[in-house]
Amino acid sequence: MSNLSAMARRIIRQIIRDKRTLALLIIAPLLILTLVWYIFGAKSATPHLAVINYESSDLLPAFKSADYERMSAFEARQQLADKQIDAYVDLGNPVAVHLEGSDPQRNGLAMNKIQKSMQAVQQIQVNKMQTQLKNLIQSQQKAIQAQQKIMKQMTVIMQRYAPSALAGLQLNAAKSGAPAGIQPPQKTELDVSYLHGNSGLNTFDSFGPAMVGIFVFLFIFMIGGVSFLRERTTGTLDRLMASPIRNYQIICGYMAGFGLFVIVQSFILTCFIVYVLQIYNVGSIFDVLIIVFILSFSALSLSILLSTFASNELQMFQFIPLVIVPQIFLSGLFPIDTLPGWVRAIGALMPIHYSTDALRNIMIRGTGFAGWWFDGAVLLLFSVVFITINIFAIRASRPLAS
């Protein structure tokens, strides 16, 4: 036990002296996560739109001046060519839309805005038809009133000259019955409810749980692997293996020493994203920390294992496209339901997949232990398997120092 604690203390002192490693371990993830928050958490960009041929159009109220600049046709074409506007709408007959077209994202924003205005156009046209129909009904009502006046005059004449015939007509009208009044349709309002989340949930709130796992895994994988590789390249590991220290004490001591900084990084990163960036979270912060801690040790144990196959730092970084990038794509950050079954099976063998599922269950769905225990157990299993392999593989690694 004393050998293990001595190993841990040496690793802690070594990392504390290396200010660059400390900054990369703690400060770099916060800076990158803040940048991602600004990108995905920012409000949607507002497209620059214009409208032409509006002077004699009845549809102009649907295109508010706050959203659409009023321009001449020549001015609109010129500004569209200069990329000063994203699109302009011609209110001639028929209505036409002209997009700049070089940026699909800006095209989508412009069309979304224009489609909302076209809904208002449809309402204007409906109102116009209702007005025309109302005028038609009023003219018909006047004609009916004129006919009723004539009928009253005829009734008076019949009462005077043919009272028996009038009584027969009234009896038949009573038997036929008067038509029931037509009730106006009730206005239907859409009642929207959310099982999880709310209408204010943005892209970063959805991506956030996955991003936490990705950044934690990425930085710990890089720093942990390079640090353990340095133990081999400097001959330190060779000297340790020649001492009475056992294999498991070397691995567990390194895990304990570096694990202290792993816990600190996980705690700072989790608190930063929840309390500073204010990502959507309805679960327990304690549950979030548990998952992040377990994932951190999975990343650390995997980095130690892969460092035994690298001869220098460059080779260690070459593992990133093979180990980290596939995990990002198969973590659940992007939909994977439509991917082939064998691809989803590969994703099930990656730690970040389980951390993303667990963190989303906690932060967005608000589940307790029952919602993340399986994912946490799988992450623990990853750590145990990697540590066990490390203990048996450490003797196979040859010292690289001259």
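Cys252 is partly exposed, with a relative accessible area of 27%, whereas Cys271 is buried, at a relative accessible area of 18%; here buried stands for under 20% relative accessible area, exposed for over 50%, and partly exposed for what lies in between, computed with a 1.4 Å probe on protein chains only. When a disulfide is taken to be a pair of cysteine sulfur atoms within 2.5 Å, the count comes to 0 disulfides.

The model is predicted, and local features need pLDDT of at least 70, while side-chain atom pairs count only at pLDDT 80 or more and totals for chains, interfaces and linings use all residues. Residues are numbered from 1 along each chain as its sequence is written, and side-chain values use heavy atoms, with hydrogens and water left out.

Strands (E, at least two residues) and helices (H or I, at least four) are DSSP runs numbered from the N terminus, and two strands count as paired if DSSP finds at least two bridges between them.

Strand β1 pairs with β2 in the parallel sense over 3 bridges, and the bridge partner of Val51 in β2 is Arg70. With β3, strand β1 also pairs in the parallel sense, over 4 bridges, and Ala50 stands opposite Tyr88 in β3. Both faces of β1 are covered, with Leu49 and Val51 buried on one side and Ala50 and Ile52 buried on the other. The pairing of β3 with β4 is antiparallel and runs over 4 bridges, with Asp90 standing opposite Ala96 in β4.

Within helix α3 (residues 73-81), the buried residues are Ala76, Gln79 and Leu80. Seen down the axis of α3, these buried residues fall within an arc of 105°, so they line one face of the helix, the arc being that of the directions from the helix axis to the C-beta atoms. They pack against β1 (49-52), β3 (87-90) and β4 (96-99), whereas the face turned away from the buried side carries the exposed residues Phe74 and Ala81. After α3 comes Lys83, whose phi is positive, near 60°.

Aromatic rings are the last topic. The whole structure holds 7 aromatic pairs. In one of them, the rings of Phe63 and Tyr68 have their centres 5.0 Å apart and their planes at 80°, so this pair is edge-to-face; rings of Phe, Tyr and Trp (its six-membered ring) pair if their centres lie within 6.5 Å, and planes under 30 degrees apart count as stacked, over 60 as edge-to-face and the rest as tilted. Phe63 is buried at a relative accessible area of 0%, and Tyr68 is buried at 1%. Phe382 and Phe386 form a stacked pair, 5.9 Å centre to centre with 25° between the planes. These two residues lie 4 residues apart in helix α15 (residues 369-393), a separation of about one helical turn. Phe382 counts as buried at 14% relative accessibility, as does Phe386 at 12%, and together with Tyr354 they form one aromatic cluster.

Definitions and conventions. Contact = heavy atoms within 4.5 Å.
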